[in-house]
Amino acid sequence: THSWIGGSGNWSDTNHWDTGIVPSATDNVLITGSGTYTVTLDMDTSIVNITIGGSSGIQSLNISGRTSTINGTATITDSGQVNLVNCTLNGAGLISNSGNFSMIIGTLDLPFDNAGFASFSRTCNINNTLTTQPGSTLRIYTEHYNPAILTVADGFSNNGLLQFVTVAQNAHARLDVSNGTLTNVPGATIEVNHADYPNQLNAQLDNQGTLVLNDELTINKPSAAHTNSGTLAISGGNLVISQTGTNPSFTQTGTLTVDSARALTVNGGLFDYSSGSFTLNGSFTANTATVNFTPSFINTTRMNINGSTLTCNAPFSNQGLLNLSSSTINGSGTFDNQDTLSVLYGTFDLPFDNAGFASFSRNCYINSSLTTQTGSTLRIYTEHYNPAILTVADSFTNNGLLQFVTVYQNAHARLD
């Protein structure tokens, strides 16, 4: 065993080792002496075990532009601090961090167990298993105009705090999980903080804990089956769920809240609100997606359904603004409009009750029962040189105002 002595200095300096010899591949290393000092690793090295952190003070190990091999355990205690810049750590061992670990450009080719604070900046890779403990913090930290990108080879469970933090302009933080699932366990938190551009989570997400958006986030992982059985709070930034590949989906069974002035956008795939709660105080947009609502739902703000199918298996009430474009609303439930509905190329395959203002343009269809209430307006509206044609499958009684409105030359409105 080689113990560090004599305050700050370079690893290669034999005067700082109690043995008078620089550690080699078969040696154990202790940087545990009391006091605040920094050991600078100024050479590539290979060791067995190393412990960083003593009983008092702060003991730091700085490594820049080096490759280090650890074939035992690298233990960073509460008072230990490891700072890596453009480095690779490999070997048959593992890293156990209870102190402070910082990497700016680098690769970990050995298991990393984080029970303390770990920060990753610029481009970093964890090519072996990642474990996080309760009370730990894993931070993806953009301190430069380039984005901070942490790529983790395999899925892992977040048991502590996973943070996206940006303090540089024109940048963002990004987490890529190449294989498997990022599981945010009950009691754990994923926190998305300030960025000039949307932060990115390129992983299959199983959120059982709390996901808080204090700024923008895009979730983008091809062929992923995302789930939220915990709490998803879209409070300080918008959320975009971008879904491509084979059978991508986002299943909502927990608590989902979109605050006012915030937006939830689903691009492609399936958005399945199967149970739990979905509180929409902001806006919801679906683009070329399949949207399933199993519980009843009341829209009091704004929804945009574009090139999509909305399936309602319980009563759906529009008490805000609903824009439907090239889309279908179907299901075993019912649809009632109490405020404003705008339809451009749309189909309703479920009972439709209009008590508000409903406008239909281009080719639209109501293939189930139509009911209109006193004081309602049903408008067939030509806003284009093509005619506006509303086809209603069955007879109905107009109890309000039925309008034929044309604002475009050489066009007309038609009710079939």
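Predicted model: local features only at pLDDT ≥ 70, side-chain atom pairs only at ≥ 80, totals over all residues.

User: Why is Gly93 called buried?

Analyst: Buried means under 20% relative accessible area, exposed over 50%, and partly exposed in between (1.4 Å probe, protein chains only). Gly93 has a relative accessible area of 7%, so Gly93 is buried.

User: Where does Gly93 lie, and what does Gly93 touch?

Analyst: Gly93 lies in the loop between strand S10 (80-90) and strand S11 (94-97). Strands (E, at least two residues) and helices (H or I, at least four) are DSSP runs, numbered from the N terminus. Contact means heavy atoms within 4.5 Å. Leaving aside residues up to four places away in sequence, Gly93 touches Ile70, Asn71, Gly72, Leu110 and Pro111.

User: What makes 7 strands an open sheet here?

Analyst: Two strands pair if DSSP finds at least two bridges between them. The order is S1-S3-S6-S9-S11-S13-S15, with parallel pairing. At the edges are strand S1 (2-3) and strand S15 (130-132), each of which pairs on one side only.

User: How do you know that S9 and S11 pair?

Analyst: S9 and S11 have 4 bridges in the parallel sense, and the definition asks for at least two, so the two strands count as paired. One of the partners can be named: Thr73 is bridged to Leu94 in S11.

User: What makes the largest cavity a cavity?

Analyst: Rolling a probe the size of a water molecule over the atoms shows where empty space is left. On a 1 Å grid over the protein atoms alone, a cavity is a set of points where a 1.4 Å probe fits but cannot get out. Grid points are joined across faces, edges and corners, and a volume is the space filled by probe spheres set on the points. With a threshold of 30 Å³ or more, the search of the whole structure finds 1 cavity. The largest cavity holds about 150 Å³ of space.

User: Which residues line the largest cavity, and which strands supply them?

Analyst: Lining residues have an atom within 4 Å of a point. There are 17 of them, and Ile50, Leu61, Ile63, Ile70 and Leu89 lie nearest the centre of the cavity. Strands that each supply at least two lining residues include strand S5 (45-47), strand S7 (59-64) and S10. S8 gives the largest share, 3 residues.

User: How many residues of that lining are nonpolar, polar or charged?

Analyst: Ala, Val, Leu, Ile, Met, Phe, Trp, Tyr, Cys and Pro count as nonpolar, Asp, Glu, Lys and Arg as charged, and the others, Gly among them, as polar. By that rule the lining divides into 14 nonpolar, 3 polar and no charged residues.

User: Why is the pair of Arg122 and Glu143 called a salt bridge?

Analyst: Side chains of opposite charge can pair when their charged atoms come close. A salt bridge needs a side-chain nitrogen of Lys or Arg within 4 Å of a carboxyl oxygen of Asp or Glu. Arg122 and Glu143 meet at 3.0 Å, N to O, so the pair qualifies. Arg122 is in strand S14 (residues 117-126) and Glu143 is in the loop between strand S16 (137-142) and strand S17 (148-158), 21 residues apart. Arg122, at 22% relative accessible area, is partly exposed, and Glu143, at 27%, is partly exposed as well. The whole structure has 4 salt bridges.

User: What makes the contact of Arg362 with Glu383 another salt bridge, and is each residue buried or partly exposed?

Analyst: The closest N and O atoms of Arg362 and Glu383 are 3.0 Å apart, so the pair meets the cut-off. Arg362 lies in strand S42 and Glu383 in the loop between strand S44 (377-382) and strand S45 (388-392), so the bridge ties together parts 21 residues apart in sequence. Arg362 counts as buried at 14% relative accessibility, whereas Glu383 counts as partly exposed at 28%.

Technical notes: Residues numbered from 1 in each chain as written. Heavy atoms only, no water. 1 Å grid on protein atoms, 1.4 Å probe; cavity = no way out; pocket = protein on both sides within 12 Å on 5 of 7 lines; lining within 4 Å.
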